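I opened this notebook to keep track of what I looked up, one entry at a time. Each entry starts from a part of the chain that I wanted to understand.

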Amino acid sequence: MMDRTIGVRLRALPIMVLLTMSATAAAAASQVPPEVHQTATACRSASAVDGSCLVHAQRYDNEWLTYGRTYNQQRFSPLRQINAQNVNNLGLAWYYDIGGDHRVQESTPLVVGDVMYVTAAWSRVIALNATTGKVLWTFDPHVPRESGAHGCCGPANRGVAVWRGRVFVGTYDGRLIALSAATGRMIWSVRTASWRNDYTITGAPLVVKGRVIIGNGGGEFANRGYVTAYDARTGKEDWRFYTVPGKPGVRDGQPSDGVLNRIARPTWHGQYWKVGGGGTVWDGLSYDPRLDLLYVGTDNGSPWNGEVRSQGRGANLFITSILALRPETGQYVWHFQEVPGDVWDYSATQQMILANLRIGGRDRRVLMQAPKDGLFVIVDRATGKFISAKPFTDINWALGINPRTGRPKENPQAFYDIRKRRWLAIPGPGGAHNWQPMSYDPRTGLVYLPVMDAAFTYAAAKHFVRRSVGWNTGDHFIPLPENPAAIHAIEKHLTGYLVAWNPRTQRQAWAAQIGTPWNGGVVSTAGNLVFQGDSMGRFAAFRATDGKRLWTVATHTGIVAPPITYAVDGQQYVAVETGWGGAFALAAGKLARDTQINQGNVPHLLVFKLGGHVAMPVPPPRPARWPLPPKLTADSGTVAQGRAHYQQFCSACHGDSAVSGGVLPDLRHVAALGVPALWQRIVRGGALRSGGMVSFASDLTAAQAESIRDYVIYRANETLRQAELPTSPPQPARRH
Ligand code: CA
């Protein structure tokens, strides 16, 4: 029904559009300021975007046609109407209320002509008029909320791909869907992964040579990674490349079979196939049309604990690697592994920027990546040959790098898994740089990079038991209050910077202190500007040449999404989503809570222009006080048991040591804490399944669930004494 209504409206649209466009085109011809480029018009509607438009996306100055704007993922815009001289006049042009359940928003909007295609949490897609914000259509794939607990980091979606009148989206529960760009109607849908097996999709698809390329995530759940290509017209599966070997003697019948047997399998030991192996492809995809190479970044080893995974031995190819594949066949061409046998969740899934650089007197076709491990890596993208790597922030897991091969020399103490000793690592699993996109400005020759400094203590679990719900890392998450060494290190190492990195010299050009660790992605422009939002609800413009903060606006909600810029009818716009969340926000507990604005996390899409004067949406005030917690009646042994279960099953979403980072409910304040029967109905009965809180009945007994309640009551009282919580006086007892 929804489709029909929209269809009618859109059928009426072309005449209006023609009238408006001819009038505006005439006006634009005389009034357009010279700094807004008049570019080719061939690719200015979704139906006109073909393979050639995507290959030449850099020619379409006004548009943002594909995830990283161009296949080389540079996220640089040649627009300069908004520039370092006038950015102070930037104001809100329009906004869109994303609504939903206030989860993380990570989308890169695409803009084709005057239409914007943007996504929201739970894989919703919204098409809007890019100048007015008028909604053209919306698509909700109705992702089962239970799938939330089967992914690591919240139901994020990073965006769509557009090709020949179609919009492609990967859904959190594992579908790849093609929609009509005109109406939002579904054209085809295929299941490429299943949340029931702990695979989820958060990344944007990439269309290459008429194929939709899509990966998936699940590296924290003991999974085997793969990337798949589908025919963009029909949705028929074309090829699949598994990134790690499966059971010996069993062929997948895929192009990965040969290379996995020949090169990868000898680097694995024990019964690795039983625990997945890892190497999931949850984000980075780039393409070089001249070399005809598709670049795929792979995630950590799964489980993290290398002893559980592969007897603590071997490089475990192709985890934490960059793979170059032929897009038409999935045929392997080369690989470069960044962290052999990775046991720290230092994935190489991060964005890969392709550029041509003059290094040491030679013109090099490079691929650049700033992965979680903290080393800025440059390889020759034709051959995969190592060029250079340098730490872009403090790291302690590697003591050096082999200058010929690029293989890191690991700190022997960092192997917490085989040494059976805790290891305080810098960076931790959140990474020195995570998925938040960076940007390369060919004008300044600098890469603008959101850097995070955070420490983390890794410890092996005593026994690995594969759980049916929740993370399966083979690690034990030590509660922060019991870890003074980590607290001390974190006090020195919990911050974030916007860093300008010179890849030719592998040196920092400048760094702007942001002050909090988990911030937004960036875009750079020919207006000598870099835009970035942060966790404290500030959206800012920095001068690209020296990092001076030129403009800041309060958005009242934290930002992790990357901004984009585009132009329609001679007017340049900057767009960004607000809505905080992701791995650090969920799991880091007090550290996350204390480094975000914490005003309700109400998400919006904000669009700015020079002279914009729309008032910024302000979220309603949060409750100022919380109810007093119930009295603790359990003994210390029960609380200790509850703590272990909490850290294993609950902390990844509700925060370390029962302190929420501010995205999901803080269990110290929920009504069920004082009502044992209700607690059981939720934790084991699945009463809040429709909100994403699944049943843990298959992994927790009633007594264990009750011990978690005791632990949370203990923490609520403990933190109350530490004056962490403003509380309201006790309410009269109610009968239940
Ligand atoms: Ca991971």
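Before the first entry I noted that two strands count as a pair if DSSP finds at least two bridges between them. I also noted that the model is a predicted one.

**Entry on β19 and its partners**

I began with β19 and β20, which form a hairpin with six residues between them. In the turn I looked up G330, which has a positive phi of about 75°. The two strands run antiparallel and are joined by five bridges, β20 covering residues 332–337. To find my place in the pairing I looked for the residue opposite S321, and in β20 this is Q337.

On β19 I also looked up a pairing with β17, which is antiparallel and extends over four bridges. Here V296 has L323 of β19 as its bridge partner.

Are the residues of β19 buried or exposed? I found that five of the five residues in this strand, 321–325, are buried, so I wrote it down as mostly covered. S321, L323 and L325 point one way from the strand, while I322 and A324 point the other way, and all of them are buried.

**Entry on β29**

Next I turned to β29, residues 446–453, where eight of the eight residues are buried, so the strand is largely enclosed by the rest of the structure. I sorted its side chains by direction: L446, Y448, P450 and M452 point one way, whereas V447, L449, V451 and D453 point the other way.

I then looked up the pairing of β29 with β28, residues 439–441, and found three bridges in an antiparallel arrangement. In this pairing Y440 has V447 of β29 as its bridge partner. The two strands make a hairpin with four residues between them, and G445 takes a positive phi near 70° there.

β29 also pairs with β31, residues 495–502, in the antiparallel sense over seven bridges.

**Entry on two open sheets**

I reminded myself that strands of a sheet pair through backbone hydrogen bonds, either parallel or antiparallel.

In what order do the strands of the five-stranded open sheet follow one another? I read it as β1-β33-β34-β35-β36, with mixed pairing. The edge strands are β1 (76–77) and β36 (549–554), and each of them pairs on one side only. β1 runs parallel to β33, residues 522–525, and two bridges join them. One of the residues I looked up here is S77, whose bridge partner in β33 is T525.

The other open sheet I looked up has four strands in the order β2-β39-β38-β37, and its pairing is antiparallel. β2 (90–97) and β37 (564–568) stand at the edges with a single partner strand each, so one side of each is left without a neighbour in the sheet. From one strand to the next, the twist averages 30°. β2 and β39, residues 604–610, pair over seven bridges in the antiparallel sense, and I noted that D97 stands opposite H604 in β39.

E220 lies in the loop between β12 (211–214) and β13 (226–231), and N300 in the loop between β17 (293–297) and β18 (301–302), so the pair ties together parts that are 80 residues apart in sequence. Both E220 and N300 are buried.

**Entry on Q58**

I looked up Q58 in the loop between α2 (51–55) and β1. Its relative accessibility is 42%, so it counts as partly exposed. Leaving out residues up to four places away in sequence, Q58 touches R69 and T70. From Q58 to A592 I noted 534 residues in sequence and 38 Å in space, C-alpha to C-alpha.

**Entry on the domains**

Last, I looked up the domain assignment, which gives domain 1 (21–74 + 82–455 + 493–610) and domain 2 (636–721). Their C-alpha centres lie 33 Å apart, and 18 residues of domain 1 are in contact with 18 residues of domain 2.

Terms used: Residues numbered from 1 in each chain as written. Heavy atoms only, no water. Buried < 20%, exposed > 50% of the residue type's maximum accessible area, 1.4 Å probe, protein only. Axes fitted to C-alpha atoms, helices over the stretch in contact; angles between N-to-C directions. Domains from an automatic or database assignment. Contact = heavy atoms within 4.5 Å.
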